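Here are my notes on the model. Please read them beside the coordinates.

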Amino acid sequence: MKATCITKKIRLIAVTLALFAAKVFSAFGEPVLPVPAELWAMRRAYPDVTFSASYDFAHLDWRIEVSAPVFPEKKARKNAVFYWADGALLPESELQNRSKYWTLLYHYAEEVRNPATMTDEEVERMRSFGSSNNRRKSAGTPLFFFEFLYAAKSRIIIEDHIKSILLWGKKSKVHERILPALRRVESRVNTVAKNNEEVQDFLTTLRSADAYYWRRIADTNRLSFHSLGIAVDLLPNKWRGKQIYWLWARDYYGEDWMLTPLEKRWMPPQAVIDIFEDEGFIWGGKWGIFDNMHFEYHPELFEIRKFRAKK
């Protein structure tokens, strides 16, 4: 009986501390342990979205209440509840399947990995990861938070938020939420192009700038970020015998596609990549499964990089 009372007191103290931490976090917007410190990165990446945390002892996880503006009205707001799940932000119904999902706050590389430095173990891991069977069965990026944020529950719903635009003179369709950031990219690249022949050539030889397209990722049942209208493929007229996408490289190099030398991969000018990243877009050329024409809006990955650099 005495041990039971002690356990109840400890539980009460833990609950009280967790509730206090959550209130402090909500009031000041700074990470206070034991609230997941990485939640700070999400708040910084999406400043118009509020994240409030409270500990759920039934699930032994942090319950995250999220509120975001409704586009295009913006004055109205929508709400959802997720569980932290090591940064996957899962709905309660998916907690039992958490092993199927990666964290949203993964490490985005600062430099392109040179395949010449890969170990045999790394090569084999990439070969396995790129197989159709593995891609069908492996874990993937959880889209639940993004489906909420971008109103992407269905093709019909999200298309109310997809805008037709011209990007460097090419027809494209993007989600209205990322349009300001994309316009800043376009303007800054245009400015650099005035005094940079490589960037001028890039824009002159640009064939397309496709973004929104409702589809699944190759070899999987998961939606592509193109389906949310937050990914853009910048395809040149010619890539001069170089490789641009890992699946196409596999047709040429076979199972050693990951060893495609960097000098044999088509890449946008570094100045263009830098501007995209500065505005919150990651570049697919830094993935092991490289996609060098691909840019995707994920400001949270740059914020989590800053956060971890301070630790």
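1. Start with Ser67. Ser67 sits in strand S2, residues 61–69. Helices (H or I, at least four residues) and strands (E, at least two) are DSSP runs, numbered from the N terminus. Ser67 counts as buried because its relative accessibility is 10%; buried means under 20% relative accessible area, with a 1.4 Å probe and protein chains only. Leaving out residues up to four places away in sequence, Ser67 touches Asp48, Val49, Thr50, Arg77, Lys78 and Asn79. Contact means heavy atoms within 4.5 Å.

2. Provenance. This is a predicted model: local features need pLDDT of at least 70, side-chain atom pairs count only at pLDDT 80 or more, and totals for chains, interfaces and linings use all residues. Residues are numbered from 1 along each chain as its sequence is written, and side-chain values use heavy atoms, without hydrogens and water.

3. Confidence. The pLDDT (the predictor's confidence in each residue, from 0 to 100) has a mean of 88 in the protein, and 87% of residues reach 70 or more. Over residues 1–12 it is below 50, and that stretch has one contact beyond near neighbours in sequence. Residues 24–33 also stay under 50; the model gives them 17 contacts beyond four places in sequence.

4. Helix H11. Its buried residues are Pro299, Glu300, Leu301, Phe302, Glu303, Ile304 and Phe307. Their cover includes helices H2, H5 and H10 and strands S8 and S9.

5. Whole protein. The protein has eleven helices and nine strands. Of its 311 residues, 48% are buried. Among contacts between residues at least 6 apart in sequence, 57% join residues at least 24 apart.

Methods: Buried means under 20% relative accessible area, exposed over 50%, partly exposed in between (1.4 Å probe, protein chains only).
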